[in-house]
Amino acid sequence: MAWLERHPTSARFKVCFRWAGRRHKKTDRTTDPREAEAVRERGEETIGLVERGRLAVPPGADVSTSFLSDGRVADRPPAAEAADAR
């Protein structure tokens with residue numbers, strides 16, 4: 001199960017979930033509750049696919065990034081690429 005938390009100062013949402021006994025969280029860049037809920041639902045669907053064996057998390061992958069990218073991205077983008085994307 002995944003849930004949303006809102007950052008108190010930036011008002012951005014974080015998608016939080018538990019995987020392999022650990023709590024994971026990933027900040028979403030949105031302040032729109034409907035958009036954040038859509039991201040949470042997709043992440044929860046991806047978790048379900050992994051649990052059922054229909055999708056695999058690559059070894060050494062960042063779990064939060066992988067789950068919230070619908071299983072498409074294994075690692076966080078390097079800082080330089082992330083800055084260019086803005």
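This is a predicted model: local features need pLDDT of at least 70, side-chain atom pairs count only at pLDDT 80 or more; totals for chains, interfaces and linings use all residues.
**Note on the aromatic cluster, core and sheet**

1. Phe-17 and Phe-67 are both buried. For Phe-67 the relative accessible area is 1%, which puts the residue in the buried class.

2. How are the rings of Phe-17 and Phe-67 arranged relative to each other? Their centres are 5.4 Å apart with 45° between the planes, an aromatic pair classed as tilted. Phe-17 belongs to strand E2 and Phe-67 to helix H2, so this pair ties together parts that are 50 residues apart in sequence.

3. A further ring pair involves Trp-19 and Phe-67. The centres lie 5.0 Å apart and the planes meet at 90°, so this pair is edge-to-face. Because Trp-19 sits in strand E2 and Phe-67 in helix H2, the contact ties together parts 48 residues apart in sequence. Trp-19 has a relative accessibility of 22% and therefore counts as partly exposed; the cut-off for buried is under 20%.

4. The count of aromatic pairs comes to 2. Phe-17, Trp-19 and Phe-67 make up one aromatic cluster.

5. Which residues form the largest nonpolar core? This core holds 9 residues: Ala-2, Val-15, Phe-17, Val-39, Ile-47, Val-50, Val-63, Phe-67 and Leu-68. At least two of its residues come from each of strand E2 (13-19), helix H1 (33-51) and helix H2 (63-68). As general background, nonpolar side chains in soluble globular proteins tend to be buried together.

6. Ala-2 is one of the core residues. Leaving aside residues up to four places away in sequence, Ala-2 touches Val-15, Cys-16, Phe-17, Arg-40 and Glu-44. Val-15 and Phe-17 in that set are core members as well.

7. The sheet is open, with 3 strands in the order E1-E2-E3 and antiparallel pairing. Strand E1 (2-6) and strand E3 (22-27) are at the edges with a single partner strand each, so one side of each has no neighbour in the sheet. From one strand to the next, the twist averages 30°.

8. How many bridges join E2 to E3? There are 6, and the two strands run antiparallel. Val-15, listed above in the core, has Lys-26 in E3 as its bridge partner.

9. Helix H1 lies across E1 and E2 and runs at about 20° to E2. Both H1 and E2 supply at least two residues of the core described in point 5.

Methods: Residues are numbered from 1 along each chain as its sequence is written. Side-chain values use heavy atoms; hydrogens and water are left out. A nonpolar core is a set of buried Ala, Val, Leu, Ile, Met, Phe, Trp, Tyr and Cys residues joined through side-chain atoms within 4.5 Å. Buried means under 20% relative accessible area, exposed over 50%, partly exposed in between (1.4 Å probe, protein chains only). Helices (H or I, at least four residues) and strands (E, at least two) are DSSP runs, numbered from the N terminus. Contact means heavy atoms within 4.5 Å. Rings of Phe, Tyr and Trp (its six-membered ring) pair if their centres lie within 6.5 Å; planes under 30 degrees apart count as stacked, over 60 as edge-to-face and the rest as tilted. Two strands pair if DSSP finds at least two bridges between them. Axes are lines fitted to C-alpha atoms, for helices over the stretch in contact, and angles run from 0 to 180 degrees between N-to-C directions.
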